[in-house]
Amino acid sequence: MYLNQSDNAIIQNLKDAGCDMKTIEKFMSDLQKGDEKSSLKCLDAHRKKLLDSLHREQKCIDCLDYFVYQMNRANK
């Protein structure tokens, strides 16, 4: 088994990484079939989704920071 982990440990790791059940089921199916390339592709797709979300949130923070900067500058 992958990294000598039980299925439950792998599933918990995927849940902790924010994977939904569809992603987990696909990953586990690919892993059990021995299709490492497809399982890695699944993880890569989830990672990209997380990064996209992170970038969207960072843009929101940047907008707020700029707004606060402008307000502080106007009040001086």
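Which residues in H1 meet H2, and which residues in H2 do they meet?

Author: The model is predicted, so local features need pLDDT of at least 70 and side-chain atom pairs count only at pLDDT 80 or more, while totals for chains, interfaces and linings use all residues. Residues are numbered from 1 along each chain as its sequence is written, and side-chain values use heavy atoms, with hydrogens and water left out.

From H1, the residues Asp-7, Ile-10, Ile-11, Leu-14 and Lys-15 meet Met-21, Ile-24, Phe-27, Met-28, Leu-31 and Gln-32 of H2; contact means heavy atoms within 4.5 Å. By class, this contact of H1 with H2 consists of eight nonpolar, one polar and two charged residues (Ala, Val, Leu, Ile, Met, Phe, Trp, Tyr, Cys and Pro count as nonpolar, Asp, Glu, Lys and Arg as charged, and the others, Gly among them, as polar). Helices are DSSP runs of H or I with at least four residues, numbered from the N terminus.

The axes of H1 and H2 come within 10 Å and cross at roughly 140 degrees; axes are lines fitted to C-alpha atoms over the stretch in contact, and angles run from 0 to 180 degrees between N-to-C directions. H1 and H2 are therefore oblique to each other (under 35 degrees counts as roughly parallel, over 145 as roughly antiparallel, 65 to 115 as roughly perpendicular and the rest as oblique).

Lys-15 belongs to helix H1, which covers residues 7-16. Leaving out residues up to four places away in sequence, Lys-15 touches Met-21 and Ile-24. With a relative accessibility of 44%, Lys-15 counts as partly exposed (buried means under 20% relative accessible area, exposed over 50%, partly exposed in between, with a 1.4 Å probe and protein chains only).

H2 (residues 21-33) also packs against H3 (residues 36-74), at an angle of about 160 degrees and with the axes 8 Å apart. That angle makes H2 roughly antiparallel to H3. Here Thr-23, Lys-26, Phe-27, Asp-30 and Leu-31 of H2 meet Ser-38, Ser-39, Cys-42 and Leu-43 of H3. The contact of H2 with H3 holds four nonpolar, three polar and two charged residues.

Within H3, Ser-38, Ser-39, Cys-42 and His-46 are buried, and the buried residues of H3 pack against H2. Ser-39, at 3% relative accessibility, counts as buried. Apart from neighbours within four places in sequence, Ser-39 is in contact with Phe-27, Asp-30 and Leu-31. Phe-27 and Leu-31 are also among the H2 residues that meet H1.

Technical notes:
Helices (H or I, at least four residues) and strands (E, at least two) are DSSP runs, numbered from the N terminus.
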